[in-house]
Amino acid sequence: MPPDEPWDDEIADAYDTPGEGMFAPAVVEPAVARLAALAAGGPALEFAIGTGRIAVPLRAAGVPVTGIELSGPMLRRLREKADEATIPVVAGDMAHATAPGEYTLVYLVFNTISNLLTQGEQVACFRNAARHLGPGGRFVVELWVPDLRRLPPGQDAVVFGSQPGYVGLDTFDVLNQRIVSHHFTFDFGGARQARLTRSPHRYIWPAELDLMGQLAGFTLETRHADWSGAEFTGESGSHVSVYRLPL
């Protein structure tokens, strides 16, 4: 995706919500603890590092972290928290860009792999992870499970979130496994305004994700419903999947 679509300066400046939402300690701390354990004392590489929501506390926990990031505005926000010496970042996309060195852990969080809009690009992302890992290295993917059961025949849109000042709506293209998330924000900036932003995604079924891993030489090591290790079931809305290369 082009770096300014949809992650432009305005979005990057509003992205961080310290202590709330996906930045809440209850969300961040289990992810950091699990990733630190999986890194096993070695260095980690984050695909689509963004503003450093996970990378900054993971580095503070003692794990050397490098990032790959396509969006200049998001990287600018990260640089307000950590300099290049602390968290080096390579500019580029997670399917093709390469970072120097060898890692024990590559990870991507918060559904980021779905920002790659073709199956081929998503497979390339797995292969890129494998290129950066040593023997026995792990690739961790946090991803939502498509909930097409909410989509009755003849309907191509569902509301996924609603609260004062905000409505979220997903439109589906089931033939091509595409979703566009529409985010309507009202009274944006306190000026009685309405704003619409959109983000396109290609959704991936868990079994399809596992096949992508196999094509890149990985086997599925574990899959849980969250970072704390809850059981993954048919009712789970997301998963944390850990793939591993042979030793």
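This is a predicted model: local features need pLDDT of at least 70, side-chain atom pairs count only at pLDDT 80 or more; totals for chains, interfaces and linings use all residues.
**A walk through the core and its helices**

Now step back into α6 (206-215) itself. Its buried residues are P206, E208, L209, D210, M212 and G213. What do they pack against? The partners of these buried residues are α5, β5, β9 (194-202), β10 (219-224) and β11 (238-244).

Leaving aside residues up to four places away in sequence, F218 touches F126, A129, A130, L133, G137, F139, G213, Y243, R244 and L245. F218 also belongs to the largest nonpolar core, which has 35 residues; together with F47, I113, F126, F139, V141 and L209, it touches the most other members. Two or more residues of this core come from each of β1 (44-47), β4 (103-108), α5 (119-132), β5 (133-144) and α6. Of these elements, α5 gives the most, with six residues. Apart from this core lies another, of 25 residues, including I49, I87, V89 and Y107. As a rule, nonpolar side chains in soluble globular proteins tend to be buried together.

How far apart are the end C-alpha atoms of α5? They are 21 Å apart, which agrees with the 20 Å that its 14 residues should span at 1.5 Å a residue.

The loop between β4 and α5 holds N115. Is N115 buried or exposed? Its relative accessible area is 13%, under the 20% cut-off, so N115 counts as buried. Although N115 and Y203 are 88 residues apart along the chain, their C-alpha atoms are separated by 8.8 Å.

Rolling a probe the size of a water molecule over the atoms shows where empty space is left. In the second largest pocket that space comes to about 220 Å³. Of the 14 residues lining it, V145, P146, R149, G234 and S236 are the closest to its centre. The lining of this second largest pocket divides into seven nonpolar, four polar and three charged residues.

Key. Residues are numbered from 1 along each chain as its sequence is written. Side-chain values use heavy atoms; hydrogens and water are left out. A nonpolar core is a set of buried Ala, Val, Leu, Ile, Met, Phe, Trp, Tyr and Cys residues joined through side-chain atoms within 4.5 Å. Buried means under 20% relative accessible area, exposed over 50%, partly exposed in between (1.4 Å probe, protein chains only). Helices (H or I, at least four residues) and strands (E, at least two) are DSSP runs, numbered from the N terminus. Contact means heavy atoms within 4.5 Å. On a 1 Å grid over the protein atoms alone, a cavity is a set of points where a 1.4 Å probe fits but cannot get out, and a pocket is an open set with protein on both sides within 12 Å along at least five of seven lines; lining residues have an atom within 4 Å of a point. Grid points are joined across faces, edges and corners, and a volume is the space filled by probe spheres set on the points. Ala, Val, Leu, Ile, Met, Phe, Trp, Tyr, Cys and Pro count as nonpolar, Asp, Glu, Lys and Arg as charged, and the others, Gly among them, as polar. The expected span of a helix is 1.5 Å times one less than its number of residues.
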